[in-house]
Amino acid sequence: MTTSVDTETHEPLSSVEDEAPYKAFSTRYRNYVLALLTLGYVFNFVDRQVMTILLEPIKAEFNASDTEMGLLSGLAFALFYAVLGIPVARLADRWSRRNVLAMSMATWSAVTALCATAGSFAHLAVLRVGVGIGEAGGTPPSQALITDYFPPERRALAQGVLAAAPNLGILVGLFGGALLAEALGWRMVFLVFGIPGVLLAILLFFTVKEPRRQPRSAVGDESLLVAIKGITRLPGFLWIASGVGFAGIAGYGLGIWSPSFLVRVHAMSLVDAGLWLGLIGVFGGTLGAVTGGLLVDRLARKDPRWQLRVPVIGLLIALPTQLAFVLWPETHRIGGPDGLPFALVFMGISAVFASFWIAPSYAAVQNLVPAHWRTQASALMLLAINLLGLGLGPLVVGMLSDYFAYTGANSIRWALVVVLSTCIFGAWCYWRGSVPYARAVSR
C-alpha cells in the first residue's frame, strides 16, 4: 500500500483506496481548491445578480413595468436554472463534478457577455434564460466537491467560506456594475463581467482534481426519480428545503429590489446605492455566513438540533431590522439633509443575521445524504431556493409594486414589507425540521 504525506501537517495520508477522499489531498491543495471554487462562485453571483443594479436603466430603455422587470431578474433566470440543476447534478454525480462545473462556468459566462447584444426586452429575457441554463451546473458540484475535499468537522466552515462568495459578487456586481453603467452604458457591464469567467473555467478544468469516487457497484443504478424520492424521504429534508425556499423569497425579493428602492424612495444615485449595498453585502453578509458556520460547528457537536436552530435565530433577528430598513423615514439621514439614509444602518445589521441560514442548511443536507446523492441533493435544495426565492421573490415584489402604484414611489416600499414577512414561515420550517434531522444524523 502506498502512502503520501500532508505537506503542511507532515501526517501520513493513507492509500486513496482505503481512506476517505479528503485524505488524499494536502491541506494546502484543499485550500487552493476552496479558493478557486469560491472565486468561481463569485463570478456565478456577479453574472446572476448584475441585473439587480441595471433594473432602472434597462426598464427605462425598454419601457418595461415593474412586473416585467421582476420576471426578467427572477423567474426568467430561475426556472431553467433550478429545474435543469437536478439532471445536471445527476450527471455530475455519475461522471465528473469538476468537468460539469468547468463546462457550466464557461457557458454562463459566455452568455452573460452576449447579453450586451440584446436588442429588445424579449431578446434579453431569452439570453437570461441561457445564463440560467449555464449556471444550473455551478453550485451543486462545488458543494459536493467541498464535501469530499474536507473532513466532516471542517465542512460547515468550508461551506461558510463558499457561501460568503455571493457577498463579494454582490459588491463587484452592484458597485462595479453601477460605475460601468454610468460611464459606458448597461450593455458594457455584461461584456466586462462575462469574459473573465470563461478564463477561470479553463484554469479550473486543468488544475482541480476530481476526488476518488465510490465504485459504481456501491452507488447503485437507480433512476433519477428513485434518487429524488430517496432524498426527499430523508428525515428533515423537506423541512430544510421549505425553510430555504421561504427565507429565499424574502432574501431575494429584498436583495434584487434594494437598489431601486434606494433610488426611488431615498433619492440615491445608482453608483452610491451600488457602493453601499455592495459593502454591506461583503462585510455583513460574509460575517454572517462565516459566523453561522462557526456557531453550528461548535453547537451541533453537543446537540445536532442547532444545525437548523441557528438559522431560526438569524431569521427572527433579521426580520425586524429589514423592516426598519424599508420603513425608516427618508428624511432621517446621517450627517444632515444631504447625507446617507439612516435606513442603511439597519440594512447592515440585517445582512449579518440574514446570512445565518445559508451554510448550515447546505451542510445539513450534505450530512444527511449518502455520498452518491450529494450533488443531486444540493440541486434539489437549489430548486427550492430558486423557484421560490429567486423565481417568486423579485416577481412578487414587482407585481405588488405595480399594484401599489397609487402610492407613488412608496409602492416598492409596501411591496417589500409584504414579501419580507415570508421569512417567518422559513423560521418555522427550520424549527420543525431540527428534531427529525437531529435524530437522523445521531443514528
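This is a predicted model: local features need pLDDT of at least 70, side-chain atom pairs count only at pLDDT 80 or more; totals for chains, interfaces and linings use all residues.
With 9 of its 11 residues buried, helix 14 is largely enclosed by the rest of the structure. Buried here means under 20% relative accessible area.

**Next stop: the largest cavity.** Helix 14, residues 358-368, is one of the elements that give two or more residues to the lining of the largest cavity. This cavity has a volume of about 860 Å³. To find its centre, select Asn 167, Ile 170, Gly 251, Ser 355 and Ile 358, which are the closest to that point among the 45 lining residues.

Now bring up the other helices that contribute two or more residues: helix 1 (27-62), helix 6 (152-184), helix 10 (237-265), helix 11 (270-299), helix 12 (306-327), helix 13 (343-353) and helix 15 (374-403). Which of them gives the most to the lining? Helix 10 does, with 10 residues. If you colour the lining by class, you will see 28 nonpolar, 16 polar and 1 charged residues.

**Then: the second cavity.** Select Leu 36, Leu 37, Gly 40, Tyr 41, Asn 44, Leu 101, Met 105, Trp 108, Gly 138, Thr 139, Ser 142 and Leu 204 to show its lining. Two or more of these residues come from each of helix 1, helix 3 (97-114) and helix 5 (139-149). Helix 1 provides the largest share, 5 residues. What is the split by class in this lining? Colouring gives 7 nonpolar and 5 polar residues, with no charged ones.

**Last stop: the surface.** Switch to a surface view and select Leu 184, Met 188, Leu 191, Val 192, Ile 195, Leu 199, Ile 202, Phe 205 and Phe 206. Together they form a nonpolar patch with about 850 Å² of accessible area. Helix 7, residues 186-207, supplies the largest share of the patch, 8 residues.

Finish by zooming in on Leu 199, which lies in helix 7. Is Leu 199 buried or exposed? Its relative accessible area is 56%, so Leu 199 is exposed, since that class begins over 50%.

Definitions and conventions:
Residues are numbered from 1 along each chain as its sequence is written. Side-chain values use heavy atoms; hydrogens and water are left out. On a 1 Å grid over the protein atoms alone, a cavity is a set of points where a 1.4 Å probe fits but cannot get out, and a pocket is an open set with protein on both sides within 12 Å along at least five of seven lines; lining residues have an atom within 4 Å of a point. Grid points are joined across faces, edges and corners, and a volume is the space filled by probe spheres set on the points. Helices (H or I, at least four residues) and strands (E, at least two) are DSSP runs, numbered from the N terminus. Ala, Val, Leu, Ile, Met, Phe, Trp, Tyr, Cys and Pro count as nonpolar, Asp, Glu, Lys and Arg as charged, and the others, Gly among them, as polar. Patches are made of residues with over 30% relative accessible area and no salt bridge: like charges are joined within 9 Å, nonpolar side chains (Val, Leu, Ile, Met, Phe, Trp, Tyr) within 5 Å. Accessible areas come from the Shrake-Rupley method with a 1.4 Å probe; for residues, only the protein chains shown count as cover. A salt bridge is a side-chain nitrogen of Lys or Arg within 4 Å of a carboxyl oxygen of Asp or Glu. Buried means under 20% relative accessible area, exposed over 50%, partly exposed in between (1.4 Å probe, protein chains only).
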